[in-house]
Amino acid sequence: MSNRVDFTPVNASVEYLKKVKNYVDTGMETVIDVSQDLVEGMHDVTSLSISDGYGNNQNVDELKDVMLQYANMDNKLDAVFAAVDVTRIQGSGKGECKDLIKIFDEKLEELLERNKGTDLKQHEKFTEMEEKIWEIEHPGENPSQQLISTRVIADDDLILTQQEVSTKCPYLGRDMTHPMKNKICGHHIDKEALDALLRVRKGSKCPFGGCGNTELIQQDTYHEDKELKKFIDRKKRAAGKRK
């Protein structure tokens, strides 16, 4: 009799959590829409510039708090999905019954602990909200230096802690154009590199030097890092302007 683990109940739970994530995504989009309507309404009823009023507006601040709560839920759900992926990898394909609950709990605890140092204000949807509000404040203008600086400072901190790994692919040796993030260890590679490894070097592990992740690279252990891609694109635009 096979000892292969039946992941059917787990798959059902993951599908349910994916629906929850869709609700969270919808909630974040709604917050962005409502904040835009609110700021546009303020702009219509007052001759004051939005920058004089919106920053201290209680309703806008409350919407920002709601967005941060959604961002926190989104990060936690991503951690759960990543922990499930690790559990699947370690619990399948070897015909052995493992203590999957322990594997899952340990990986989830590790990921949630790592998330504690995450600045929720750098979440993709929170920054999108602030950018759209700024565009209403300053129609036809380029993003303010203050807005850019706020984003770049946080990203620079990331670069200082991870050196060039934040933008440079450890496999291709050049800046990434489509960064993909490993759900298990958090390291990045370019999509081109991921496709190449899956195609010609099956059985590869994370190419980041010194990485302790022993899991083999698979397509579903990586996801597109949209925030990092936006940062890389901004760096390229800024470098082009300096030339």
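Okay, let's start at L111, which touches A79, A82, A83, K183 and I184 once you skip residues up to four places away in sequence. Apart from the core I'll describe in a second, there is another one, of 12 residues, with M176, L194, F231 and I232 among them. And keep in mind, this is a predicted model.

So, the largest nonpolar core. It has 23 residues, and L111 is one of those with the most contacts inside it, along with V31, V39, M67, L108, M129 and I133. Which elements give two or more residues to this core? Those are helix 1 (8-45), helix 3 (58-91), helix 4 (100-115) and helix 5 (124-137). Helix 3 gives the largest share, 11 residues. As background, nonpolar side chains tend to be buried together in soluble globular proteins.

We have 3 strands in an open sheet, order 2-1-3, and the pairing is antiparallel. Strand 2 (188-190) and strand 3 (222-224) are the edges, each pairing on one side only. From one strand to the next, the twist averages 35°. Strand 1, residues 179-182, pairs with strand 3 over 3 bridges.

The residue I'd zoom in on here is N182, in strand 1. Is N182 buried or exposed? N182 counts as buried, because its relative accessibility is 3%, and the cut-off for buried is under 20%. The N182 side chain reaches the backbone nitrogen of I184 at 2.8 Å. Beyond its neighbours within four places in sequence, N182 is in contact with H187, N213, T221 and Y222.

Terms used
Residues numbered from 1 in each chain as written. Predicted model: local features only at pLDDT ≥ 70, side-chain atom pairs only at ≥ 80, totals over all residues. Heavy atoms only, no water. Pairing = 2+ DSSP bridges. Helix = DSSP H or I, 4+ residues; strand = E, 2+ residues; numbered from the N terminus. Axes fitted to C-alpha atoms, helices over the stretch in contact; angles between N-to-C directions. Buried < 20%, exposed > 50% of the residue type's maximum accessible area, 1.4 Å probe, protein only. Polar contact = N/O pair within 3.5 Å; in protein donor to acceptor, adjacent residues only side chain to side chain. Contact = heavy atoms within 4.5 Å. Core = buried A, V, L, I, M, F, W, Y, C linked by side-chain atoms within 4.5 Å.
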